[in-house]
Amino acid sequence: MNLLEFQGKQLFARVGVPVPEGRVAATPAEARRAAEELGGKVVVKAQVRIGGRGKAGGIKVADEPQAAEEAAAAIVGMDIKGHRVNLVWVERATEIAAEWYVSFTLDRGVGRHLAMVSARGGMDIEAVAASDPAAVVRRHIDPVVGLAEWQATDLVYRAGLERAAARPAAATLRRLYRAFVDLDCDLVEVNPLVLTAAGEVVALDAKVTLDSNAFFRHPDFEAFREAFAEDPLERLAREKGLGFIKLDGSVGIIGNGAGLVMSTLDVVSLVGGAAANFLDVGGGAGAETISDALEVLTRDPAVRAVLVNIFGGITRCDLVAQGIVDAIGSRDLPWPIVVRLDGTNAPEGRAILAEAASERVIPAATMLEAAQRAVDLAGGR
Amino acid sequence: MAVYVDGTTRLLVQNLTGREGSFHAMRNRAYGTNVVAGVSPGRGGQEVQGVPVFDTVSAAVEATGANTTLCFVPAPFASDAILEAAASPGMRLIVCITEGIPAHDEARVVNYLRQTTGVPLIGPNCPGVISPGKANVGIMPHEICLPGRVGVVSRSGTLTYQAVHELTTRGIGQSTCVGIGGDPVPGTSFVDVLSRFEADPETEAVVLIGEIGGEAEEQAAAFIKAHMTKPVVAYIAGFTAPPGKKMGHAGAIISGSSGTAAAKKEALEAAGAVVVTYPTEIGEAVAAL
């Protein structure tokens with residue numbers, strides 16, 4: 001789960017990483033009040049869960065409260081790469097002496113943590129990494145051992161961070177790594193981590209991705225969602241326990257297992273159609289889950305036909321069929337459903353569909369045939 | 001011969017007394033797998049349909065000579081259960097079905113196993129391993145399998161079934177099917193399984209099912225090019241998957257353009273694998289080898 005900047009900074013403050021003082025504001029008037037309380041020069045920053053805010057005009061410096069109000073008026077409501085800005089973060093401006101880049105993430109290729117540090121932080125870090133790879137120092141961290149003190153020091157000196165600040169920089173790296181591990185983050189990225197004119201090390205940004213598998217250890221993290229402008233379809237699906245992503249096409253897709261669903265998207269595209277969504281009911285879905293999945297798709301007006309592609313393992317095809325029959329019986333589904341069932345209890349599932357004898361349900365023998373039928377019915381080739 | 005599991009497998013099931021543990025243990029036993037013990041702390045002395053339950057893995061291993069474990073322990077406790085299994089002398093394989101283990105727990109356990117006992121871990125978040133006609137250790141629907149000479153390895157559960165189904169419906173049997181799971185730090189990689197298939201005299205060809213993300217397919221391609229003499233048919237899912245909603249730059253800096261379905265397909269083709277476009281073409285492509 002990606003966090004907003006101010007939420008990430010709240011987590012940084014918990015582990016002792018200094019962040020500028022600030023306030024959240026949803027309206028220009030609130031931004032003005034925040035600037036008045038903070039006093040002096042402030043920075044007004046769009047809160048969106050995507051990178052590239054600065055280049056999109058989502059960050060503005062304001063010398064006094066009136067300017068902060070105007071900045072917020074310009075930023076709130078802005079669209080940044082498809083993300084609408086509902087909140088701004090107003091923080092006290094920082095006198096910057098140097099801008100660094102720091103991140104901790106998992107390097108899947110080697111199965112270890114990866115630290116990346118650069119003395120050339122700021123907006124163009126990807127370009128720096130591409131044109132001058134040596135400017136970004138990379139070190140793997142053994143998850144069994146963690147980031148040792150010597151290793152944090154090594155990162156600081158090898159990246160060429162300002163020597164006078166080597167101690168506080170290394171200490172900050174260790175604290176950020178502690179946040180990464182103890183708070184179960186998939187990513188902790190600070191760009192820029194700055195050295196202030198006064199010689200302090202301060203996190204000016206925070207990109208934090210939490211591992212939702214670890215929320216049982218951090219029950220308070222659920223509350224972060226309250227600040228998100230979540231897509232209503234995606235929220236409904238999440239509340240029903242379904243993996244859902246909205247896409248641009250007209251064929252609604254329901255399948256079990258991320259790999260099979262991705263493959264179904266590909267096949268639909270190959271036969272000339274386009275998927276309206278990715279919807280994974282997961283392993284062991286019962287009748288109710290399937291019925292819920294169909295309900296989610298009824299909320300999407302772009303759907304013209306639905307393709308249910310199930311290969312039962314832990315999932316039982318008879319329960320899937322029952323869920324489809326239940327959904328047809330309890331609500332008026334606006335589109336035909338092409339169903340392909342194989343694997344555990346597939347003959348029983350096919351029998352249930354045959355018995356229901358609904359003209360809205362079209363059985364298909366193979367995944368390819370099912371995709372072709374669904375694309376035809378959606379009217380798109 | 002088959003790889004990982006066969007007639008010599010003596011299976012222990014961790015959390016045998018749970019709903020999924022008992023259901024799949026009994027299915028595996030019905031298939032002919034030698035299920036010798038279960039472990040559920042606090043339930044030692046009980047039985048599940050004739051299978052004795054122990055409080056700890058070490059007690060179960062001492063009493064029954066179990067050499068393989070199948071773990072159904074819930075995610076918050078699963079990494080501890082894997083470490084317990086790895087600490088038991090005589091344990092030669094750990095298969096973990098559990099989904100949703102925190103990434104940091106998984107990274108610690110996998111790195112620890114690599115550095116210490118070296119007991120192979122398959123999974124977590126995987127459907128397990130089946131050597132058709134010999135043993136099933138996991139949740140794969142064995143009805144779709146057929147004994148034979150094609151090895152199957154996959155990151156995705158249901159796509160594995162799809163691939164096996166395509167083979168079986170053409171009368172092409174499998175030596176072993178291994179689901180390595182789709183988690184960020186799998187205990188067993190494509191390369192680990194490919195090297196076993198290459199060394200297995202009963203495996204004549206390999207089907208590899210990959211998907212977007214990570215570098216596992218690229219690493220598999222490098223291994224195929226350098227070490228495989230047996231033919232490989234591959235399928236990659238995710239050509240039309242939407243780009244992830246990435247926030248930071250770290251992912252892009254690490255991976256560059258690798259990780260996409262197109263890059264994986266290209267790498268595998270350059271290594272000499274036959275990469276099919278539709279999953280329904282897998283059987284055809286193997287038959288044509």
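Predicted model: local features only at pLDDT ≥ 70, side-chain atom pairs only at ≥ 80, totals over all residues.
1. **Chain A overall.** Chain A has 12 helices and 18 strands. Its C-alpha trace spans about 75 × 50 × 40 Å along the principal axes. Of its 381 residues, 51% count as buried. Contacts reach across the sequence. Among those between residues at least 6 apart, 70% join residues at least 24 apart.

2. **A four-stranded sheet in chain A.** Strands pair through backbone hydrogen bonds, either parallel or antiparallel. Here four strands of chain A form an open sheet, and the pairing is antiparallel. The order is β1-β6-β2-β3. The edges are β1 (22-25) and β3 (59-62) of chain A, each of which pairs on one side only. Neighbouring strands in this sheet are turned against each other by 20 degrees on average, direction ignored.

3. **One pairing in that sheet.** Strand β2 of chain A covers residues 42-46. β2 pairs with β3(A) over four bridges, in the antiparallel sense.

4. **Contact between the chains.** On the chain A side, 59 residues are in contact with chain B. On the chain B side, 51 residues are in contact with chain A. Which element gives the largest share of the chain A side? Helix α8 (residues 258-270) of chain A does, with 10 residues.

5. **Domains of chain B.** Chain B is divided into domain 1, residues 10-122, and domain 2, residues 128-287. The centres of the two domains, taken over C-alpha atoms, are 25 Å apart. Between them, 18 residues of domain 1 are in contact with 15 residues of domain 2.

6. **The domain 1 side of that contact.** Four elements of chain B give two or more residues each to this side: α1 (19-30), β5 (68-71), α4 (103-115) and β7 (121-122). Helix α4(B) gives the most, with five residues. By type, the residues on this side are 12 nonpolar, five polar and one charged.

7. **Helix packing in chain B.** Helix α4(B) also packs against α3(B), residues 75-86. Two packed helices are described by the angle and the distance between their axes. For this pair the angle is about 10 degrees and the axes are 10 Å apart. Angles under 35 degrees count as roughly parallel, so α3(B) is roughly parallel to α4(B). From α3(B), the contact uses Ser79(B), Ile82(B), Leu83(B) and Ala86(B). From α4(B), the contact uses Asp105(B), Glu106(B), Val109(B) and Leu113(B). These residues divide into five nonpolar, one polar and two charged.

8. **Cis peptide bonds.** Most peptide bonds are trans. Two bonds need a look here. In chain A, the bond from Asn191(A) to Pro192(A) is cis, with omega near 10 degrees. Pro192(A) is in strand β10, residues 185-196 of chain A. In chain B, the bond from Gly123(B) to Pro124(B) is cis, with omega near 0 degrees. Pro124(B) sits in the loop between β7 and β8 (128-131) of chain B.

9. **Positive phi at Asn345(A).** Most residues other than glycine have a negative phi. Asn345(A) is not a glycine, yet its phi is positive, about 60 degrees. Asn345(A) is in the loop between β17 (337-343) and α11 (346-356) of chain A. Is Asn345(A) buried or exposed? The cut-off for buried is 20 or more other C-beta atoms within 10 Å. Asn345(A) has 20, so it is buried.

10. **Positive phi at Tyr4(B).** Tyr4(B) is another non-glycine residue with a positive phi, about 70 degrees. Tyr4(B) lies in the segment before β1 (10-14) of chain B. Tyr4(B) counts as buried because 24 C-beta neighbours lie inside 10 Å.

Methods. Residues numbered from 1 in each chain as written. Chains lettered and ligands numbered in written order. Domains from an automatic or database assignment. Contact = placed C-beta atoms within 7 Å. Nonpolar A, V, L, I, M, F, W, Y, C, P; charged D, E, K, R; others polar. Buried ≥ 20, exposed ≤ 12 C-beta atoms within 10 Å, placed from the backbone. Pairing = 2+ DSSP bridges. Axes fitted to C-alpha atoms, helices over the stretch in contact; angles between N-to-C directions. Parallel < 35°, antiparallel > 145°, perpendicular 65-115°, else oblique.
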